[in-house]
Every structure is written in structure tokens, then in C-alpha cells.
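User: Please take a close look at one part of this model, the place where two of its chains touch. After that, go on to a sheet and a helix elsewhere in the model.

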Amino acid sequence: MSSHHETPGAPAPRAHLTTDDVAKVAKLALLELSDDELETFTGQLDAVLDLAEQLDEFDIGDIPPTAHPFGLVNVFRDDVAAVGHDAEVMREEALAAAPEVEAHQFKVPPALGEAP
Amino acid sequence: MNTDTVVDAGKAPDSSSARHLGHEPGLLPEGWEMVVGLEVHAELATESKMFSPAPNVFGGEPNTNVHPVCLGLPGTLPVVNRNAVELAIRIGLALNCTVNRCIWARKNYFYPDMAKDYQISQYDQPLNVDGHLELPSGAVIGIERAHMEEDAGKTVHVGDDGRIASAGYSLVDYNRAGVPLVEIVSRPDIAGPEQAKEYVEELRSILVAIGASDGKMEEGSLRVDANVSVRPVGSDELRTRCEIKNVNSLRSIGRAIVYEAQRHVQLYESGEAPIQETRHWDEEAGRTRPGRSKEEAEDYRYFADPDLVPIDPSPEWIAEIAAALPALPKQRRDALIERGGAHDDAAIVVGRDLDGLALTAIGAGADAQRVLTHIRNNLAVDGAENLDAADFAELVKMETGGALTATQAKQVLAEMVETGSDPASIAAARGFEAMDAGELEGLVDQLIAEHPDEWARFISGDDGDRKKMQGFFTGQIMKATKGQADGKIVNQLLSAKSGG
Amino acid sequence: MTTARPVPTDSVLDIAAAVRAGERSAVDVLEQHLARIAERDDEIHAFNTVTDEAARQQAAAVDASVAAGETVGPLAGVPVALKDNLSTRGVTTTCSSRILENWVPPYDATVVERLAAAGAVFVGKTNLDEFAMGSSTENSAFGPTRNPLDTGRVPGGSSGGSAAAVTAGFAAASLGSDTGGSIRQPAALCGLVGMKPTYGGVSRYGLVAFASSLDQIGPFTRTVAESAAVYDVIAGPDPRDSTSIPKQHVPVSATLGDGIDGLRVGVVTELSGRGNDAFEPGVVEAAFAAAEALSDAGAKVEDVSIPTAVAGLSAYYMIAPAEASSNLARYDGVRYGLRKPGPNTAAMMAASRTAGFGDEVKRRIMLGTYALSAGYYDAFYGKAQRIRTLMIREFDRVYENFDVLLSPTSPCVAFEFGAKADPVTMYYNDVCTIPSNLTGQPAISVPFGTGAHGLPVGVQLMAPMLGEPVMYRVAAALEGLAP
């Protein structure tokens with residue numbers, strides 16, 4: 001596992017977003033787009049990315065990113081086990097919301113490949 | 001395995017990881033060696049999950065150990081289990097890591113058993129970094145990092161033929177979702193299958209000793225992925241590696257590593273090269289197979305989890321956890337070795353958690369090596385708790401003092417474990433008394449005279465013959481003395497009389 | 001057509017006082033509000049769900065407690081509406097999305113528990129831009145909400161339903177969520193007081209996440225005092241939210257009337273709208289009139305420049321979509337919500353998400369996915385998070401010299417449906433409100449006069465972290481000075 005984002009940095013000036021870029025992103029996000037949608041979204045997203053160029057006007061030097069505006073650290077809970085309500089009730093309420101259930105489990109079509 | 005490479009325990013290995021400490025020859029064609037790094041996922045022994053109060057227990061009816069948080073229900077938020085962090089810090093300290101301020105990151109990917117479709121893990125600022133683990137053989141394996149994360153649920157594939165990609169459907173159980181894990185990533189310092197197994201066994205015994213994990217591979221508490229590559233012997237380079245998933249027993253770790261390394265060598269030798277990919281070990285077929293389809297780009301889009309705040313362990317907190325750490329297996333082995341025990345025996349005795357008994361007996365004046373040998377060979381783990389350490393020491397003293405032969409001592413020990421009696425009473429009741437050497441020598445001479453052919457084979461046969469005949473004569477003497485002869489002295493006598 | 005003010009009804013404080021004293025029954029109060037809902041919500045569409053039956057039981061329980069002489073809470077019998085992205089056990093929580101159309105949560109949000117414990121009666125779940133992404137409530141999968149002050153116009157968003165519900169007299173107060181202005185902007189457009197607390201001041205547990213580092217829950221009310229009363233009930237640490245500030249809440253109601261003499265008010269040059277064509281003149285005039293009124297009343301008012309404030313919009317549209325792309329990954333058709341069939345898990349997930357999300361949600365998910373992806377992280381998301389730090393430092397420095405800052409809440413008054421179809425034009429609505437979300441600091445919108453078409457204008461007051469007490473003091477004064 002590499003510990004660094006592979007970032008060549010944004011090209012300046014920024015290359016415009018292409019339909020290929022958007023198609024790739026849509027695939028990563030599990031969204032299906034028609035050709036028309038792809039065209040429309042590409043233009044709209046590119047316009048938003050134009051906004052981001054404004055950020056280049058500021059010198060961020062070695063300023064760290066903000067994790068929490070209040071600077072909290074070390075927030076913990078005690079190691080005490082409890083289910084939501086009663087275990088059976090919790091399970092029934094959880095399964096009741098599911099689109100498809102079998103043998104008290106969530107049923108899905110076959111997975112392609114294993115988890116990463 | 002090369003056991004004579006000893007490295008100063010206090011010295012961390014060179015992180016650039018150049019040369020192996022123990023090349024394991026004979027597994028790859030001449031001129032090639034393996035480069036192996038292991039990623040071990042250890043489930044932590046907590047009461048509740050990493051971020052959710054749902055119970056952390058193995059098994060259970062599907063979807064009963066769940067809570068809105070670990071089901072990833074909309075609107076729920078994670079809160080870190082303090083005990084899980086303490087156990088993770090213990091692991092870091094036991095592996096000689098630096099314990100750092102760290103943050104949580106989201107690893108984004110879609111999979112049905114990951115309830116939020118992202119895993120909360122650690123990425124560029126992990127808890128523990130830059131440690132090392134010294135193996136019983138003396139090799140030192142670098143630890144790159146040991147970071148915290150949450151486990152996924154379980155997807156059971158119900159297919160026509162049970163294969164993942166076949167038709168059918170899958171069932172998802174979230175009992176395991178959110179169980180706290182520490183992922184321990186070694187540097188590519190491991191020389192081959194034997195060292196890999198040794199590493200996992202040593203790591204496992206550490207995790208168990210410090211109470212961080214139950215270490216049960218069969219229940220998935222400890223899961224191993226292996227990063228495997230090969231290179232020409234003597235080279236420092238790190239070539240393309242493949243990550244082998246699903247190597248979940250000590251046996252399959254060794255087999256998978258050898259298979260994969262051989263595959264790489266074959267590719268290189270036929271003018272091709274392996275591609276960097278994730279592969280799965282198929283235990284039945286004895287081979288690795290490609291994992292996810294290659295065109296699926298892996299882009300996990302890591303970013304700091306905005307639902308959680310950093311962990312910044314204070315030096316006081318770390319010191320407190322360090323002070324409460326029990327002795328580690330290495331320290332326990334060293335304690336036995338310092339008192340005169342053999343390295344391998346010490347490892348076995350500590351592995352069986354019987355070093356306390358051994359130290360007490362040795363402290364009471366018993367010979368260290370005899371103590372370890374008895375524990376290693378003659379004490380079933382289950383019976384050891386019935387044994388009084390003082391009685392055990394007394395037994396060993398009787399034996400080394402010549403009052404009992406080795407065989408007699410073994411029989412007395414068995415009865416001590418069974419009845420709890422002291423060795424002197426048992427020996428007396430059985431009428432054991434050691435034969436003196438003169439009496440034995442007469443017997444040996446008599447047997448040699450009675451079996452000239454066998455004696456000739458003992459003197460001039462090949463190694464196999466000699467061994468066989470030694471067994472024959474020893475057996476005859478034991479038979480004649482009803483087991484009261486000291487086998488060691490018999491061997492000495494036979495050897496002396498054969499002139500060798 | 002135009003009514004410049006919200007429907008006048010009994011205030012939160014009057015209702016609670018009367019119910020506690022046994023002078024009015026909670027059931028009667030509820031029925032009045034339910035009658036208004038029955039009369040007008042078909043037209044307004046403030047609610048996705050009206051929980052009239054459960055509300056009647058809650059009201060009856062409050063009355064029974066009062067009759068039995070038991071202590072009842074500070075909001076006893078007060079009808080409250082909840083934005084439909086707040087989890088309510090046993091009551092559908094849709095986020096105005098097809099993907100959660102039928103989701104019934106098995107747990108209550110912390111704010112819901114606190115309001116219930118205070119005696120509030122929940123009249124229903126209010127409409128919003130899908131997953132709180134929008135500034136007009138036009139992005140609801142279940143149709144838009146109309147502004148009760150002019151039904152040809154939007155109520156603002158994303159908490160448009162919660163704003164409309166109070167303005168129309170359907171509830172005495174409501175809760176919304178504010179990620180980039182989603183409480184303050186609709187409050188401004190509907191003539192209400194809307195407050196976004198300090199990040200971590202109110203628990204987010206049970207708020208369906210849009211952008212976790214920016215989301216906060218806050219109240220809509222007709223007046224500042226009512227806002228303070230509701231905020232005092234919902235604020236305070238919560239062990240279920242790791243980002244909740246572990247400090248005892250300091251009630252703001254007690255110090256509301258302490259006055260503003262000598263307080264320092266800064267008018268933020270970059271957000272004031274002066275000389276900026278994107279702002280309606282009426283809005284800019286109202287904001288400066290408010291500043292002048294505060295000055296006349298004894299505050300020290302000065303202009304102040306915060307250069308990074310203009311970067312807020314850009315940084316926000318990197319950070320919020322990035323977090324959203326991850327937060328909304330869980331809507332995959334496996335555990336809850338909409339499922340569309342597919343030959344394998346990934347295809348099923350993609351089909352479900354494609355059918356379940358509207359266009360604005362898809363836009364933001366894709367934008368965020370892009371901003372986080374390998375090769376672009378540093379240029380977009382990473383940089384935006386650093387700008388955020390820079391912005392926090394600048395605001396902190398300014399607050400060394402000022403108690404509160406002032407700007408318009410929104411560049412415009414309530415606009416007509418379809419007027420801002422282009423996404424970036426719509427995003428500009430949040431230009432004044434976004435900085436407080438990025439810094440985590442509190443901000444409140446207070447009605448102050450009218451702008452174009454006689455529609456209300458909101459003036460925003462901003463304060464440093466946990467600066468709610470002083471912010472509420474100035475808000476109360478401003479309310480008293482309003483024309």
C-alpha cells in the first residue's frame with residue numbers, strides 16, 4: 001500500500017473536462033449516463049471546476065488541511081457492547097428495510113469478483 | 001533454515017531492505033530468490049466493535065450482532081472504541097514501532113458486505129510505524145506499519161457450483177462488519193515460506209501474549225495476505241509484486257508463496273514479466289488466480305474521515321500501556337536460554353506457555369536443559385497445570401543425580417501428572433533404582449556374544465544399519481532390565497565397544 | 001398575492017407557557033396547526049409526511065403530564081416540523097429522494113430525542129432539495145415547495161419545507177440542516193429567523209449526512225427569542241457524535257436582552273454585495289441599513305476585509321461534493337431503499353443509484369468523485385481543505401477586533417421557479433453563507449426590511465466559535481430595530 005497520493009498537480013491552465021473523464025468518474029461512482037446526459041454533465045461539471053481555479057489565487061504554502069474546525073482530538077467511547085434495542089428486534093427492523101431477504105440475511109445478485 | 005544469523009536485537013533493520021538474512025534454497029530454479037512481505041489482519045479482542053457498540057463475538061445467528069452504526073444506516077456516526085486503540089498501541093509497542101498521532105481515512109469502494117461502501121481505515125497517517133520483529137531463528141523482519149481499521153461483513157455466495165463468478169446469488173451477514181482490526185504490514189524482508197510461517201507464528205504468539213487478539217486463524221481472527229516477488233540472488237532490487245489473498249492457514253501461506261514465486265520465475269525465464277495485481281489462493285487447486293478484473297481501475301479515493309477526529313496519544317498514555325505489557329515471547333525465550341536452555345526447546349516451551357513452570361523448576365535447582373527436554377517431550381500441555389513445580393524440580397534432580405534413568409523419570413513424571421504424588425514416593429512404589437554401569441556392561445557383553453551377526457552389522461554396516469542395530473541392542477537391554485537401564489549409558493557402552 | 005410577513009400565530013414561548021400552566025391544551029394547539037396544514041399544504045407542499053396521528057398522541061401525553069402535575073419540558077406542546085433528513089424511528093425519512101422513498105429508520109436522531117424530551121410535538125417531516133443539495137427546494141424528487149409569501153416563488157433551500165412550514169403557520173418552529181446556507185437562506189427568503197450553530201454545537205447523530213464536516217442542524221422560528229429557546233434545547237455534547245464539542249452548553253436565552261452597547265460589528269467588504277452586480281440592490285441596501293441601525297443603537301460598526309471569503313464558494317464546491325460522494329455511496333440497493341434489478345451486484349447497485357438519484361445529486365457525486373480521485377486530489381480537494389485553514393485563520397484574526405460580522409444572507413429575495421436553472425448560477429446563492437460552514441463558526445439570519453417585490457430580506461450575523469450568546473444578543477437587537 002502506497003502512502004502517498006499520486007499527484008502530479010493540476011495542469012495549468014486546467015485542461016477541460018472531457019466526456020471520457022466524466023464517463024470514468026460515473027463508472028467509479030456506479031452511475032449510468034446516457035450519451036445526452038454525458039454531454040450535459042460534462043459541460044456543467046467543467047463550469048464548476050472553473051470555480052476551483054479561483055483557489056489558485058491564494059498562497060497556501062505549507063498550510064495544513066483542516067480536519068475539525070474546533071481541533072478536537074481523542075474522542076472515545078468505552079468498550080461496552082450493546083445492540084440498538086433488543087438483538088432480535090434490531091435484526092427484524094434492519095431486515096424489514098431491505099429490498100430482499102433470505103435466511104435473515106440481505107440477498108443480492110451474485111457478486112463479480114471478491115472484495116478488494 | 002539459516003539459524004546462525006544473529007542480529008543485534010536493539011538495532012532496527014535497514015528500511016531499504018536490501019538483503020535477506022536467510023535465503024531458502026531449493027525452491028526456485030538456480031539463481032533466483034523470493035522477496036516476501038506479509039500483511040496480517042488481526043481482529044482485536046474487544047467487547048464491542050471499532051466504531052459501534054454492537055458486540056464483537058465470533059459466529060452468532062446472522063445479523064444479530066448489529067447496531068444502526070455498523071449497519072451503516074443513514075445518519076449514524078462512528079465513535080472510536082478506546083480499548084481497541086489501546087490494544088492497537090500495545091501491538092505497536094510489542095513490534096517496536098513508533099506510536100504516532102494519527103487520523104482516520106475513508107477507503108471508498110463498492111462491495112455489499114461493506115455497509116457504508118467505504119471502509120474506515122488509516123492511510124497516510126497511521127498509528128504505528130517503523131517497527132521490527134525478531135524471529136526465534138534470529139532473523140529480524142521490518143514492520144512498515146500497524147494501522148487500525150474496521151472489518152467487513154461476510155458475503156456467502158450461493159451459486160450453482162459454489163464458485164464466485166457463477167450464477168446464483170449472495171447473502172450478506174453484517175455480524176463481522178465493524179469488528180476492530182489491526183493490519184500489520186511487514187517490509188519485504190521475508191526470505192521464503194519457512195520464514196513466512198515463522199513470522200506468522202511469532203506474530204500470533206505476540207498478539208495472544210499481549211491480549212490483543214485471540215489469534216485464531218480458523219475463525220478468521222488472523223488473516224494473511226502475501227506480497228510476493230522474485231529477483232536474482234544477490235540483487236537488491238524489488239521487482240513487480242503480486243498480492244496473494246486468502247492464505248488463511250500456515251500451510252497455505254507456505255504453498256501459496258512458493259507457487260507464486262515459481263510462477264514469476266517461469267514468466268521471467270520465458271521472457272515475460274508478471275503484472276502487479278491481486279490474486280487469490282485456491283487451496284484445493286494449489287494455485288493462485290487473478291482477482292478483480294484488470295480493467296477495473298482501483299481508485300480508493302482516500303480522504304480524512306470527517307466524522308472522526310485525530311488520535312493523539314500522549315506520552316503518558318503510551319507509557320502507561322507500555323508498563324502494563326506482559327513479557328513478550330522473545331523475552332520469555334531469552335530467560336530460558338540465559339539459564340542454559342537450548343534455543344529450540346525454549347521456543348517450544350514458551351509456545352506452550354509452560355515457561356513459568358520451567359523457570360520455577362530451574363530456580364529450585366533442576367538442570368535447565370533436562371527441565372526443557374521433559375516439558376518438550378514428556379508433558380502434554382493439558383496435564384502440565386497439575387504438576388507441582390517443586391516436585392518437578394525434585395524429579396529432575398533425582399534423574400541427574402543418577403537415582404533414576406531417563407526412561408524411569410519419564411514414567412514417574414507421567415504418574416505425577418496423573419496422581420499428583422511426589423517423585424520419591426512414586427519411584428519407591430515402582431521399585432525403581434538405577435542400575436550401575438558395571439552391571440550394565442556385563443549385560444551388554446552378554447548380548448554381543450549372543451548376537452554376533454547383528455553386532456557385525458553394527459560395527460561395519462552403513463549409517464542406516466548402524467542405527468537399526470543400535471535400536472536392536474538397546475531394545476534387548478531394556479527388555480532384559482525391564483526398562484531400568486539408562487539409554488544414554490547403553491549407547492555410550494555400545495559406541496565404546498565398537499571402537500567408535 | 002404577496003403577504004410580506006409570515007402567518008401570525010402563537011409563538012413557541014407563549015404556547016409552552018400556556019400549556020405548562022394548563023391554560024391551553026397541547027391537543028388544541030396541535031389541532032389549530034393541523035387545520036392550517038389541511039387547508040393549505042396541498043398548495044405549499046411543505047411536508048413529505050404529516051404525522052398527525054402520532055402528533056395527537058404526543059400532545060395528549062403532554063396534556064396528561066400537565067394534568068398529573070408532572071414537570072414538563074420547555075417546549076411542552078409546541079408543534080415542531082422536522083426536515084426529512086432527520087432520522088425518526090418508525091416514520092419514513094426520505095431526504096426527498098426516490099432512493100429512500102420508503103425508508104423507515106429504526107432509531108431517532110439525537111435532536112429528535114431532545115425535542116421530544118422537552119415536550120415538543122412533531123407535526124411532520126418537511127420537504128427539501130434531495131439530500132439537502134440545492135438552494136430552492138426545486139430538487140426534491142417529490143416536487144417543489146412553494147413560498148407561502150408568494151406561491152410563484154421558491155422558499156429557498158435546501159430546508160425549504162421547514163421554512164415554509166413555519167411561515168405558513170403549520171408549525172411554531174422547525175429544524176433544518178445547514179451545509180452551505182440551507183437554513184439561513186430559506187429563512188431569509190421566507191421572512192424567518194434561521195440559525196446555523198457552531199460546528200459541533202448540536203449533535204449530527206441522525207442527520208442523514210450530506211457533507212459531514214460542514215453539516216449542522218439548527219432552528220427556524222419567527223423570532224429571535226424563539227430561535228434561542230429551541231437552540232437551547234437541542235444544543236450540547238452528545239457521546240454519539242465524535243465531532244460534538246464536549247463542553248456544557250451555555251444557554252443563550254438568558255442573555256438575549258443584554259443589549260449591544262459597545263459591541264463591535266464588522267461589515268465584511270467581500271460579502272456585503274456593494275458594487276457587485278450579482279446582488280440585488282434592495283438586499284444590499286437592507287444590509288447597510290441594518291448596520292447603520294446597529295450603530296445608532298450603540299454598537300461600533302466598521303468595514304472589514306476578509307480576502308479569503310471570496311474563495312469560500314470555490315472551496316465549498318470541492319469539499320462538500322467530495323464528502324457527499326462518499327457519504328452517498330451507501331445507497332446501493334442492498335440494505336434499504338430503492339433497488340433496481342441487475343445481473344450482478346455491481347450492475348444492481350448502478351441501476352438502483354441511477355434510478356434513485358436526481359440530477360443535482362448525480363452532479364455532486366461525480367464532482368466529488370473527481371475531486372478525490374488519484375491525480376486530482378491535491379489540485380482540488382487537498383487545496384480546498386488548505387484554503388479552509390487559511391480562511392479560519394483570517395476569520396479568527398478578524399474576531400480579535402470584532403464581536404460579530406454582518407452581511408446580507410442571500411444576494412437576492414425569493415426568486416421564481418426555474419429562474420436559476422444553471423447550476424453555477426444557483427450555487428452563487430450561497431456565497432454569503434458558505435464561509436461560516438467552512439470555518440465552523442455560527443451564523444444567524446434575521447429578517448430586516450423588504451427588497452424587490454416587497455419580499456423579505458435577511459441580514460446575516462456571524463460570530464466566532466461558540467459565539468452564539470453574543471450573536472443572539474445582536475440578533476435580538478437587530479430584530480427590534482427592523483423596519
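Analyst: In this predicted model, 62 residues of chain C are in contact with 48 residues of chain A. On the side of chain C that touches chain A, the elements giving two or more residues are α9 (312–327), α10 (345–356), α11 (359–372), α12 (378–398) and α13 (423–427) of chain C. Of these, α12(C) supplies the largest share, 13 residues. Sorted by class, this side of chain C holds 34 nonpolar, 19 polar and 9 charged residues.

Chain A also takes part in a sheet with chain B. The sheet is open and has 4 strands in the order β2(A)-β3(A)-β9(B)-β8(B), with antiparallel pairing. At its edges stand β2 (101–102) of chain A and β8 (154–159) of chain B; each has a single partner strand, so one side of each is left without a neighbour in the sheet. The partner of β2(A) in chain A is β3 (residues 105–108), joined to β2(A) by 2 bridges and running antiparallel to it. Across this pair, Glu102(A) stands opposite Gln105(A) of β3(A).

Chain B also contains helix α7 (residues 355–363), in which Asp355(B), Leu357(B), Ala358(B), Ala361(B) and Ile362(B) are buried. Viewed down the axis of α7(B), the buried residues fall within an arc of 155°, so they line one face of the helix. Their cover includes α5 (329–338), α6 (343–351), α8 (368–378) and α9 (389–400) of chain B. After α7(B) comes Gly365(B), with a positive phi near 105°.

Notes
Residues numbered from 1 in each chain as written. Chains lettered and ligands numbered in written order. Predicted model: local features only at pLDDT ≥ 70, side-chain atom pairs only at ≥ 80, totals over all residues. Buried ≥ 20, exposed ≤ 12 C-beta atoms within 10 Å, placed from the backbone. Arc of directions from axis to C-beta. Contact = placed C-beta atoms within 7 Å. Pairing = 2+ DSSP bridges. Nonpolar A, V, L, I, M, F, W, Y, C, P; charged D, E, K, R; others polar.
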